[in-house]
Amino acid sequence: WFSSAVYSTEPPKTDEEWSNVRLGAIRVIEGANLLMMPGRHVARPHEKSSTPGVELEPEEIEANINKDRVKWNQLAKGLHTATLEALRGIDAKDGPAVIVAGERMDQACENCHSAYWYPNQPLPPGYLR
């Protein structure tokens, strides 16, 4: 649940699970805030892609981001908004609402990754960004 913006298809069951999911959602919200921070780099200078040829190198990703910060911030705001929806569902212990918000979070992540991390990746037929 909400670890690296990955979510489960089953809602939490125990108070401890709900608490852990809530903490994960707060991390994602804060991460989205950091994504919108001006001057923040994609990676440290020595870091390279863990999947070269699939995703771009960090300096290429950062160059793409810097070409259109408005779009980048819009996508990060989409993640922020979806995760706030999840947090409301978590606080209400509304499993179905959390599942729907988790799907929106996943889509927000994919929208960004497909635009900046692997923009040249061929998409399967019928795939919508």
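Contacts between residues 24 or more positions apart make up 62% of the contacts in this protein with a separation of 6 or more, where contact means heavy atoms within 4.5 Å. The model you see is predicted, so local features need pLDDT of at least 70 and side-chain atom pairs count only at pLDDT 80 or more, while totals for chains, interfaces and linings use all residues. Residues are numbered from 1 along each chain as its sequence is written, and side-chain values use heavy atoms, with hydrogens and water left out.

Let us start with the overall layout. The protein has four helices and zero strands, and from the N terminus its elements run α-α-α-α. Helices (H or I, at least four residues) and strands (E, at least two) are DSSP runs, numbered from the N terminus. Of the 129 residues, 31% count as buried; buried means under 20% relative accessible area, exposed means over 50%, and partly exposed lies in between (1.4 Å probe, protein chains only). The protein exposes about 8,000 Å², and carbon and sulfur atoms supply 56% of that area. Such areas come from the Shrake-Rupley method with a 1.4 Å probe, and for residues only the protein chains shown count as cover.

Now look inside. The largest nonpolar core has nine residues, including Val28, Leu79, Met105 and Cys109. A nonpolar core is a set of buried Ala, Val, Leu, Ile, Met, Phe, Trp, Tyr and Cys residues joined through side-chain atoms within 4.5 Å. H1, H3 and H4 are the elements that give two or more residues to this core, and H4 gives the most, with four residues. Apart from it lies another core, of eight residues, among them Ile61, Ile65, Trp72 and Tyr116.

Two of those names bring us to helix H2. Its buried residues are Pro58, Ile61, Glu62 and Ile65. They cover an arc of only 95 degrees around the axis, so they sit on the same side of H2; the arc is that of the directions from the helix axis to the C-beta atoms. What covers these buried residues includes helix H3 (69–91) and helix H4 (95–117).

Next comes Glu57, in the loop between helix H1 (15–35) and helix H2 (58–67). Leaving aside neighbours within four places in sequence, Glu57 is in contact with Lys48, Ser49 and Pro52.

Thr83 lies in H3 and is buried, with a relative accessible area of 0%. Not counting residues up to four places away in sequence, Thr83 touches Ala25, Val28, Ile29 and Met105. Asn73 also lies in H3, but at 26% relative accessibility Asn73 counts as partly exposed. Its C-alpha atom is separated by 7.6 Å from that of Leu35, 38 residues apart along the chain. Beyond its neighbours within four places in sequence, Asn73 is in contact with Leu35 and Met36.

Our last stop is Lys93, found in the loop between H3 and H4. Most residues other than glycine have a negative phi. Lys93 is not a glycine, although its phi is positive, about 50 degrees. With a relative accessible area of 44%, Lys93 is partly exposed.
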